[in-house]
Amino acid sequence: MSSKLNALTSDSYTEISQYRDQHFKGNRYEQEKLLKHSNTLYVGNLSFYTTEEQVHELFAKCGDVKRIIIGLDKIKKTACGFCFVEYYTRGDAENAMRFVNGTRLDDRIIRTDWDAGFKEGRQYGRGKSGGQLHRCSTC
């Protein structure tokens with residue numbers, strides 16, 4: 001394929017970032033493979049007051065949302081600034097990466113990133129106050 005065609009098919013909005021979940025159960029190759037085919041997005045920098053309905057309203061503009069998992073403080077069980085959005089198709093998830101990342105929701109600029117897939121227990125924040133650790137070295 002010529003470099004001209006590569007440029008046309010390249011989509012920096014949907015590329016996999018350098019961030020990797022350090023708690024992923026498996027090797028780097030397995031994680032990369034899951035990220036490249038995932039329909040699940042990690043959404044960070046949410047307000048603690050943002051509701052599941054608000055998240056759904058925004059992300060449904062990009063496609064059919066399968067489910068939303070709001071991140072919770074492990075002890076208080078209150079929202080702690082992140083969530084997972086799972087779509088039925090990769091194409092819809094790619095649309096969300098293109099059009100939602102960097103937009104404002106509930107007075108916060110949100111970040112989206114590919115996630116290898118939600119597993120029970122990951123909805124609990126890992127930070128000292130229950131919030132998710134910062135996922136991006138460039139933000």
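Student: Does Gly-71 count as buried or exposed?

Tutor: This is a predicted model, in which local features need pLDDT of at least 70, side-chain atom pairs count only at pLDDT 80 or more, and totals for chains, interfaces and linings use all residues. Residues are numbered from 1 along each chain as its sequence is written, and side-chain values use heavy atoms, with hydrogens and water left out. Buried means under 20% relative accessible area, exposed means over 50%, and partly exposed lies in between (1.4 Å probe, protein chains only). Because its relative accessibility is 0%, Gly-71 counts as buried.

Student: In which element is Gly-71 found, and which residues does Gly-71 touch?

Tutor: Helices (H or I, at least four residues) and strands (E, at least two) are DSSP runs, numbered from the N terminus; Gly-71 is found in strand 2. Contact means heavy atoms within 4.5 Å. Not counting residues up to four places away in sequence, Gly-71 touches Thr-78, Ala-79, Cys-80, Phe-82, Cys-83 and Gln-123.

Student: Does Ala-79 count as buried or partly exposed?

Tutor: Ala-79 is found in strand 3, which covers residues 79-87. Leaving aside neighbours within four places in sequence, Ala-79 is in contact with Phe-48, Ile-70, Gly-71 and Leu-72. Its relative accessibility is 21%, so Ala-79 counts as partly exposed.

Student: What is the order of the strands in the open sheet?

Tutor: Strands of a sheet pair through backbone hydrogen bonds, either parallel or antiparallel. Two strands pair here if DSSP finds at least two bridges between them. The open sheet has four strands with antiparallel pairing, and their order is 2-3-1-6.

Student: Which strands stand at the edges, and why is one side of each left without a neighbour?

Tutor: Each edge strand has a single partner strand, so one side of each is left without a neighbour in the sheet. From one strand to the next, the twist averages 25°. The edge strands are strand 2 (65-72) and strand 6 (111-115).

Student: Over how many bridges do strand 1 and strand 3 pair?

Tutor: Strand 1 covers residues 40-44 and pairs with strand 3 in the antiparallel sense. Val-43 stands opposite Cys-83 in strand 3. The number of bridges between strand 1 and strand 3 is five.

Student: At what angle does helix 3 run to strand 2?

Tutor: Axes are lines fitted to C-alpha atoms, for helices over the stretch in contact, and angles run from 0 to 180 degrees between N-to-C directions. Helix 3 (residues 52-59) lies across strand 1, strand 2, strand 3 and strand 6. The angle between helix 3 and strand 2 is about 140°.

Student: Within what arc do the buried residues of helix 3 fall?

Tutor: The buried residues of helix 3 are Val-55, Leu-58 and Phe-59. Seen down the helix axis, they line one face of helix 3, because the directions from the axis to their C-beta atoms fall within a limited arc. The face turned away from this buried side carries the exposed residues Glu-53 and Glu-57.

Student: Which residues touch the most other members of the largest nonpolar core?

Tutor: A nonpolar core is a set of buried Ala, Val, Leu, Ile, Met, Phe, Trp, Tyr and Cys residues joined through side-chain atoms within 4.5 Å. The largest core has 22 residues, and the elements that give two or more residues to this core are strand 1, helix 3, strand 2, strand 3 and helix 4 (90-99). A second, separate core of six residues includes Tyr-42, Ile-69, Phe-84 and Phe-118. In the largest core, the residues that touch the most other members are Leu-41, Val-55, Phe-59, Cys-83, Val-85, Tyr-87 and Ile-110.

Student: What is the value of phi of Lys-77 near?

Tutor: Lys-77 is found in the loop between strand 2 and strand 3. With a relative accessible area of 46%, Lys-77 is partly exposed. Its phi is positive, in a residue other than glycine, and is near 60°.

Student: Where in the protein chain is confidence highest?

Tutor: The pLDDT is the predictor's confidence in each residue, from 0 to 100. Its mean over the protein chain is 80, and 71% of the residues reach 70 or more. Confidence is lowest in helix 1 (residues 3-9), at a mean of 44, and the highest mean, 98, belongs to helix 3.
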